[in-house]
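Colleague: Please take a close look at the aromatic pairs in this model. What holds them in place along the chain, and what sits on the surface?

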Amino acid sequence: MKKTLRIVALAMVAIMLCVTLASCAKTLSGEYRSAEAFGSYTSISFKGNKITYNSYVLGNKVEAASYEGTYKIDGNEITITTGEGEDKKNETLTFEEFEDGSIKIGMVTYNKVEK
């Protein structure tokens, strides 16, 4: 009886550990930039579940094409949420992370900015 109870207890601990690890959402940190062409590029900064997207043309930030929001990575997809209330928008794009530290969101590859 004690041996059976011990096995059941160990199985429960293993199941709880798997559920806990599976529920941990993938997060990124730091700044990533797309390739620059003629002084134009985009940058994405991650901190916790927050995302800041900035667009630059000829080295100048374009406010109309920049935003802040939250993000969630689920497997090979990233969902970015911006706005609140009636202005709230969700956009889901493909997501890849590479061994060199770069990431790909949709069709754009971003390299980690080392500070």
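Modeller: Start with the term: rings of Phe, Tyr and Trp (its six-membered ring) pair if their centres lie within 6.5 Å; planes under 30 degrees apart count as stacked, over 60 as edge-to-face and the rest as tilted. A search of the whole structure finds four such pairs. In Tyr-32 and Phe-46, the ring centres are 5.7 Å apart and the planes stand at 80°, so this pair is edge-to-face. Tyr-32 belongs to strand β1 (residues 30–34) and Phe-46 to strand β2 (residues 41–47), so the pair ties together parts 14 residues apart in sequence. Strands here are DSSP runs (E, at least two residues), numbered from the N terminus. Both Tyr-32 and Phe-46 are buried, meaning under 20% relative accessible area, with exposed over 50% and partly exposed in between (1.4 Å probe, protein chains only). Tyr-32, Phe-46 and Tyr-71 form one aromatic cluster.

Next, Tyr-41 and Tyr-56 are stacked, at 4.7 Å centre to centre and 20° between the planes. Tyr-41 is in strand β2 and Tyr-56 in strand β3 (residues 50–57), 15 residues apart, so distant parts of the chain are linked. Tyr-41 and Tyr-56 are buried too.

On the surface, Leu-58 is exposed, with a relative accessible area of 63%. Leu-58 lies in the loop between β3 and β4 (60–61).

This is a predicted model: local features need pLDDT of at least 70, side-chain atom pairs count only at pLDDT 80 or more, and totals for chains, interfaces and linings use all residues. Residues are numbered from 1 along each chain as its sequence is written, and side-chain values use heavy atoms, with hydrogens and water left out.

Notes:
Helices (H or I, at least four residues) and strands (E, at least two) are DSSP runs, numbered from the N terminus.
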